[in-house]
Amino acid sequence: MKIRASKIINFIFLFALLFAFIFSNNFIFEPKLVEAATIPGMNATDTDAVSLSSSSAILYNIDENQVLYEKNAHQTYQPGGVAKVLTADIAFSPSLMVDQNLIYYLMMDAGSDAGTMLANDIAGSEDVFVQQMNEYAKSLGCENSSFADASGNSENTLVSAYDMALIGKDAYQKSKFRSLLSVDTYTLPQTDRYDTRTLWQQDQMLYTSEPYYYAYTTGGRLGYSLGDGVNFIAFAEKNGTRLVAVVMNAPENANVYEDAKSLFEYGFSNFKTCKPLEKFEIAEGYNTSSLMYDNFYYLTDSIQPTISFDRNYSLFTTIDFDESRISESVDFYANPNGKEIGTIYLLLDGEEIGSTPITVTSKVVDTSTASDATSTDVIIQHIEKRNYIIRVFIIIGIVIVLVLIITLLLIHRYRTRFERVKIHYQPSKASKKELAKKEAVKKKLANSDSTNKKTGKKSLKKDSVRVTDKKDIQ
């Protein structure tokens, strides 16, 4: 059997792939990451659920990313001042240092010149800033909108209610934007051109003296388009639920306030936020029976791992939803990745509807100083050291197996060659018999020759005597 060098190369190649796999990031650590799902049936889009005057509208849950109601939500309209929410959202980015007075002037007054000034301050020109607006909107998931100026006055600026809800959600998650909405008035300092001026919020739902006052609203922005009626974006909070409502192309101011209030009432009356993990405790059996403790077993004299999870994890459900239908399933990773060591899965009738990670901290006891300190890094370092040792032993094992395989292949190769040489030079049984016969004949001939030689000498002696005798006779 002939062993080709290519076979050995193939073996080496396969083991090289295995070696690379071991040192890849996915070998030791691979925790499951499951994005939170929503409870089936929560995306209510029945246009008959709310009576509206606006041509387009949407009600969106800010924290749960859920559409609770929509009506022609992807139809685009010229937004007017509503577009200024995106300009303010970008201006309030933590990486930017802009004049706060300009942002308040933009949102609380007509403020079109403030939009241009902000665009110049942030991007150098309004054209460049508009490009940034469109890129930022796209990054938020906006699909149908196009911005042509910083204040929403251009007829080429078109926005859908759905995209505006995504922009409003992003802006509302910034504390500076919420602070801007929360003030009733704001005083601009004196400048070379103007004396001190007091600005008022335009949203009439904020003022108790107005007929459209709504107790749960936190602010909003009106927008008057060139030919598409009145637009409005508003925010409201109740019992931990935060909503944004957008109405577009309403006939009059009064209509946008009435429509926004109807949307908020629909959301707060028909949906609720539940926290299924608020009183949940991980049973002792989960800890002791899980593989998690394999990572800490040899450290228990100095490190006591403490697990935690988000007790405020929430789900948005219908108002009459029975929370007892939700069950929990705990899964600890055999090989945790950093601080995340497991996942709590929320199940509804056996189907996963959400999840949240389980993290670990540790209490490290320093016996020399008798002081306590919290350190997750210590655990992580031990886990990484353990896994490094595992990798080393696996590699050593692979090398040993590889050497054994190559050795066995070489032994087999040379053994086969030796057998062939042995067969080539070893005589057969028939040859042995012939050789024995030849040896016997040689011996016989040799004996015969020796006998003849002895006999010949004696004859010569006799003949010589006879000859001598004849001479003598003569």
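Start by selecting helix 3 (residues 100–108) and helix 4 (residues 112–123): their axes come within 8 Å and cross at roughly 145 degrees. Axes here are lines fitted to C-alpha atoms, for helices over the stretch in contact, and angles run from 0 to 180 degrees between N-to-C directions. You are looking at a predicted model, where local features need pLDDT of at least 70, side-chain atom pairs count only at pLDDT 80 or more, and totals for chains, interfaces and linings use all residues. Residues are numbered from 1 along each chain as its sequence is written, and side-chain values use heavy atoms, with hydrogens and water left out.

Stay with this pair for a moment. Helix 3 passes helix 4 in a left-handed crossing, a label used if the near helix is turned anticlockwise from the far one by less than a right angle (clockwise would be right-handed). Now show the side chains where they meet: L102, I103, Y105 and L106 in helix 3 touch D113, A114, G115, M117, L118 and D121 in helix 4. Contact means heavy atoms within 4.5 Å.

**Zoom out**

Color by secondary structure and you get eleven helices and 16 strands. These are DSSP runs numbered from the N terminus (helices are H or I with at least four residues, strands are E with at least two). Of the 474 residues in the protein, 39% are buried. Buried means under 20% relative accessible area, exposed over 50%, and partly exposed in between (1.4 Å probe, protein chains only). Among contacts between residues at least 6 apart in sequence, 63% join residues at least 24 apart.

**Salt bridges**

Side chains of opposite charge can pair when their charged atoms come close. The rule here asks for a side-chain nitrogen of Lys or Arg within 4 Å of a carboxyl oxygen of Asp or Glu, and the count comes to six salt bridges.

Select D63 and R242, whose side chains meet in a salt bridge at 2.8 Å, N to O. D63 sits in the loop between strand 1 (56–61) and strand 2 (66–71) and R242 in strand 9 (residues 241–250), so this pair ties together parts that are 179 residues apart in sequence. D63 is partly exposed at 37% relative accessible area, while R242 is buried at 17%.

Next, pick R325 and D349, another salt bridge at 2.8 Å, N to O. The pair links distant parts of the chain, 24 residues apart: R325 is in the loop between strand 12 (315–318) and strand 13 (326–337), and D349 is in the loop between strand 14 (340–348) and strand 15 (351–366). R325 is partly exposed at 38%, and D349 counts as exposed at 59%.

Then try D170 and K174, where the closest N and O atoms are 4.0 Å apart. Are they buried or exposed? Both D170 and K174 are buried.

**Two asparagines**

Go to N239, in the loop between strand 8 (230–238) and strand 9. Its phi is near 50 degrees, a positive value in a residue other than glycine, and N239 is exposed at 72% relative accessibility. Now hop to N249 in strand 9. N249 has a positive phi of about 60 degrees, although it is not a glycine, and counts as partly exposed at 22%.

**Last stop**

Finish on helix 10 (residues 376–425) by selecting I396, which is partly exposed at 43% relative accessibility.
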